[in-house]
Amino acid sequence: MNNVFVYCEITEENRIADVSLELISKARKLADGLKVQLEAVVAGYQVQQLESSLYPYGVDIINYADDEKLFPYQTLPHFSIVTKLIEEKKPQICLFGATSVGRDLAPRVASYLRCGLTADCTSLEIGQYEDKKENKTIDNLLYQIRPAFGGNIIATIVNPYTRPQMATVREGVMKKEIYDPNHTGEFVRIDTKNYVKQSDYCIEILSREIEKQKIKIKSAQIIVCGGYGMNSKPGGFELLQQLADTLGAEVGATRAAVDGGLAEHERQIGQTGVTVRPKLYIGCGVSGAVQHRAGMDQSSKIISINTDPNAPLNAIADYTITGDAFEVIPKLIQYYKKNSK
Ligand SMILES: Cc1cc2nc3c(=O)[nH]c(=O)nc-3n(C[C@H](O)[C@H](O)[C@H](O)COP(=O)(O)OP(=O)(O)OC[C@H]3O[C@@H](n4cnc5c(N)ncnc54)[C@H](O)[C@@H]3O)c2cc1C
């Protein structure tokens, strides 16, 4: 059977990265639709203990390579393991996180195997394709769905004739879902000697420094997002920070706000920023361009504060406050402080 593969990334704390668990949750559904098995590919050091964190998400087979030299990630050894495994097992679909590792590895694998790759998909589905030239219909293809032409259209890309069908997906786009806490499967050891050449270990890491992430926007439950409207008077982002501190929230920003020097790039939400799914998103002076919405429209509750009642963000907001954010935000802070005692 041509199964579905997910390449699993290992974090600095030696656990499976969230983006990989999100992909597995989606891949489980794809595999069910195709009536095939879901396989994870894990390469790292002391990865055996990770099996219990993968099976509940629906993995049927874990292919794992365990070697001191496989952690931290290096391109060539991981590339050799993934490509050889794909050549042996011939999966029909292979998914990677759109992280710095995935963006390094997936194009190299796709280029070597001469198959396509769709980067930064926002949705993955199974569907059929009508080849009008050949006058035939091909079933069970991976629809690789993503914004195109600057986000103005949503393109569905199919790869009818080469395998595997490959895609990357950014963190936060798919939802991490437990499939079955009691689900178990096969654990297949990859003998690294047969997969990785000595010359693949051509990089020697002399020292590593890990920078602590200060901005935790991806995991924030409440996000107060500032748009370029917060530049209409001085102190806009300071005011947003006060609201964020009051609510225990993180400050996010639109690209216009980031480009305008109002916030750091790490705070940018959207197509070229991060994808977030907070319980509450409050957009202040955010117009709600399609490229911004692509990164926040899965938020559980959305509030839009805008002087323009017709701002596009209002169309997807649960609550809208039409007014000047510089007047509304201090009132919200005051109200919250008074009522949360
Ligand atoms: C390829 C591509 C990728 C992109 N990627 C991203 C991305 O990742 N993230 C992103 O955000 N954008 C992205 N953009 C840019 C996007 O198209 C918009 O330009 C941007 O999101 C607009 O930001 P904004 O809403 O802050 O600014 P504006 O569109 O200028 O909107 C400002 C809003 O503030 C309101 N306002 C003004 N003053 C006040 C006030 N005092 N109180 C309340 N409201 C007020 C206005 O009515 C207006 O609605 C991308 C664009 C392209 C082409």
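How many residues of domain 1 are in contact with residues of domain 2, and how many of domain 2 take part? That was my opening note, and I began with the layout of the chain.

**Entry: the two domains**

I kept in mind that this is a predicted model. I looked up the domain assignment, and it gives domain 1 as 4-200 and domain 2 as 222-339. Then I went back to my question and found that 7 residues of domain 1 are in contact with 8 residues of domain 2. On the side of domain 1 that touches domain 2, I noted 2 nonpolar, 3 polar and 2 charged residues. I also looked up the centres of the two domains, taken over C-alpha atoms, and they are separated by 34 Å.

**Entry: around the ligand**

Which residues come nearest to the ligand? I found 31 residues around the ligand, and the nearest are Gly227, Gly229, Arg255, Ala256 and Gly270. I then asked which elements give two or more residues to this shell, and my list reads helix H7 (255-259), helix H8 (290-293), strand E14 (301-306) and H10. The largest share comes from H7, with 3 residues. Sorted by class, the shell holds 18 polar, 10 nonpolar and 3 charged residues.

**Entry: helices H6 and H10**

Helix H6 spans residues 236-247 and helix H10 spans residues 325-339; their axes come within 10 Å and cross at roughly 20°. Angles under 35 degrees count as roughly parallel, and H6 and H10 are therefore roughly parallel to each other. I noted the crossing of H6 and H10 as left-handed. From H6, the contact is made by Leu239, Gln242, Leu243, Thr246 and Leu247, and from H10 by Phe326, Ile329, Leu332, Ile333, Tyr336 and Lys337. By class, I wrote down 8 nonpolar, 2 polar and 1 charged residues for this contact.

**Entry: helices H3 and H4**

Next I turned to another helix pair. At what angle do the axes of helix H3 and helix H4 cross? The axes of H3 (residues 75-89) and H4 (residues 100-113) cross at roughly 45° and come within 10 Å. That makes H3 oblique to H4. In my notes, the crossing of H3 and H4 is right-handed. On the H3 side, I listed Thr75, His78, Phe79, Val82, Thr83 and Ile86, and on the H4 side Asp104, Leu105, Arg108, Val109, Tyr112 and Leu113. The residues of this contact divide into 7 nonpolar, 3 polar and 2 charged.

**Entry: backbone details in the loops**

I finished with the backbone. Which residue does a cis peptide bond join to Pro72? The partner is Phe71, and omega is about 0°.

Pro164 lies in the loop that runs between strand E8 (153-157) and strand E9 (165-169).

I located Gln46 in the loop between strand E2 (38-44) and helix H2 (51-54).

Terms used
Residues numbered from 1 in each chain as written. Predicted model: local features only at pLDDT ≥ 70, side-chain atom pairs only at ≥ 80, totals over all residues. Axes fitted to C-alpha atoms, helices over the stretch in contact; angles between N-to-C directions. Helix = DSSP H or I, 4+ residues; strand = E, 2+ residues; numbered from the N terminus. Parallel < 35°, antiparallel > 145°, perpendicular 65-115°, else oblique. Left-handed = near helix turned anticlockwise from the far one by under 90°. Nonpolar A, V, L, I, M, F, W, Y, C, P; charged D, E, K, R; others polar. Domains from an automatic or database assignment. Near = placed C-beta within 6 Å.
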